[in-house]
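Thanks, I will keep this short.

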Amino acid sequence: MKDVGVTDSQGLPRRGPADDAGADADVAGLLGQVARGDQLAFEEVYDRMAGPVLGMVRGVLRDLPQSEEVMQEVLLELWRTASRFDASKGSALSWVLTLAHRRAVDRVRSEQKSAERELRAASARIDYDDVTETVEATMDRERVRRCLRSLTDLQRESVTLAYYGSYTYSEVAGLLGVAVGTVKTRMRDGLIRLRDCLGVE
Amino acid sequence: MRRGQADLHALAGAYALDAVPEADRARFERHLARCEACVQEIRGLREATARLGASAAVRPRAELKEQALRAIARTRQLPPLSRDAPPGQRGWRARPAGGRALSRLRQRPWLPWLATALAAGFLAIAVAMGVLVAGARHRLDLDQVRGHAIAAVLNASDVTMLTAPVRTGGTATVLESRHEHSLVFTASGLRVLPPSRNYELWLMGPAGTRPAGMLPRPRAGMIGPMVVSGLAAGDRIGMTVEPAGGAPRPASDAVLILGLGS
């Protein structure tokens with residue numbers, strides 16, 4: 001397991017869980033202001049969320065211009081629907097990235113021809129590491145990587161193929177050559193382990 | 001727990017990963033409606049997937065932010081779901097000054113209310129459609145398709161409302177989404193035409209003038225909502241009075257020409 005220092009590879013201070021929670025509470029508060037039409041608050045939300053959204057979407061779509069387009073759509077959607085954010089139902093980060101992930105996946109599923117999807121099957125597993133190499137060092141990347149490594153291979157592959165490969169569970173089962181029921185279970189217990197390792201609720 | 005339920009419950013992980021195909025999703029979401037424990041579990045799993053996604057963060061190009069700020073300045077916001085404020089004072093308020101649509105809204109203070117009411121009605125239809133579709137996909141009929149088309153425009157991130165008087169009387173209102181290449185047309189108070197004549201819509205622009213459909217007969221003074229799709233850049237929408245069966249190209253002067261958004 002990699003050594004976990006107090007700074008990350010780019011020398012920026014590492015955020016602990018408490019900082020993350022604080023930063024998220026900030027975004028939640030900002031979303032409330034955005035809902036009231038506050039454009040300055042939107043700028044703040046943009047500064048904090050555009051990077052995570054773009055990174056995640058690019059992990060799914062691979063193509064940067066398309067990913068930028070989806071990121072912009074998602075941020076505009078935040079502006080439009082900020083009043084619908086409900087902090088009692090989860091964190092701001094989760095709300096934003098759930099929205100963004102659905103959009104990215106919808107785009108892949110509606111545009112990707114089946115032949116291309118097959119091709120991506122081969123690259124999905126390789127590219128996940130490439131994606132994480134290029135991160136901007138403001139999020140708890142190292143912690144996530146460490147927690148991902150704590151999953152079994154089947155759990156990790158099921159989770160990342162679904163999340164970044166935008167495959168359905170039955171497609172993942174086909175790619176990995178295991179039973180559909182097994183993949184469903186591994187996705188669930190893999191995410192539970194990831195959740196517990198990250199200390200999120 | 002019955003076997004079927006255990007199977008469903010196992011889908012929580014796949015659901016949090018957006019890895020459930022549409023057909024199963026509807027079934028699982030019906031299960032969620034009755035299973036608060038599942039909802040809680042999925043919230044937790046979504047926190048985990050969000051962290052997974054955020055860990056891939058990259059720095060976006062600086063000019064994208066300027067673009068986004070320009071876009072929000074043109075985009076109205078949805079009102080909150082609560083009902084503690086009168087409609088019309090919340091959802092539409094946020095549009096910044098200077099927009100063409102806003103100046104039109106200002107001249108007709110009742111329009112935001114109307115639009116909100118219309119939008120609420122359409123959304124109710126769309127939600128009902130969604131439930132129907134989830135329940136019986138094979139029974140998808142034209143009305144449902146139309147409901148989806150309306151919902152797509154209303155839910156588009158770039159929806160804009162325009163309104164204009166019709167030269168011969170009445171008012172036309174258009175909710176337009178460039179993104180969806182569609183608009184929803186409604187009108188009220190139009191002059192009543194003899195049975196042999198009807199109003200026809202046209203899309204007019206660099207792509208030529210194309211018929212966009214005959215208006216349905218008014219019900220309770222209101223026409224529409226009617227979906228016009230296939231918008232091209234630079235299109236305007238026009239309306240003429242034509243023979244009841246429609247005409248391949250406009251044969252009379254327009255009673256309405258409405259420039260569409262950017």
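Two residues are in contact here if their C-beta atoms, placed from the backbone, lie within 7 Å. Helices are DSSP runs (H or I, at least four residues), numbered from the N terminus. This is a predicted model, in which local features need pLDDT of at least 70, side-chain atom pairs count only at pLDDT 80 or more, and totals for chains, interfaces and linings use all residues. Residues are numbered from 1 along each chain as its sequence is written, and chains are lettered from A in the order in which they are written.

Start with the helix pair. From α8(A), Tyr169(A), Ser170(A), Val172(A), Ala173(A) and Leu176(A) meet Val180(A), Val183(A), Lys184(A) and Met187(A) of α9(A). The axes, lines fitted to C-alpha atoms over the stretch in contact, are 8 Å apart, at an angle of about 110°. The two helices are therefore roughly perpendicular, a word that covers 65 to 115 degrees.

Now the interface. Chain A puts 65 residues into the contact and chain B 45. On the chain B side, α2 (12-16), α4 (36-54) and α5 (62-73) each supply at least two residues. The largest share, 12 residues, comes from α4(B).

Last, confidence. pLDDT, the predictor's confidence in each residue, runs from 0 to 100. Chain B averages 75, and 71% of the residues score at least 70. Within chain B, α2(B) is highest, at 96, and α6 (residues 100-107) lowest, at a mean of 38. Over residues 83-112 of chain B, pLDDT stays under 50. For the complex, the predictor gives an ipTM of 0.82 and a pTM of 0.56.

Key: Axes fitted to C-alpha atoms, helices over the stretch in contact; angles between N-to-C directions. Parallel < 35°, antiparallel > 145°, perpendicular 65-115°, else oblique.
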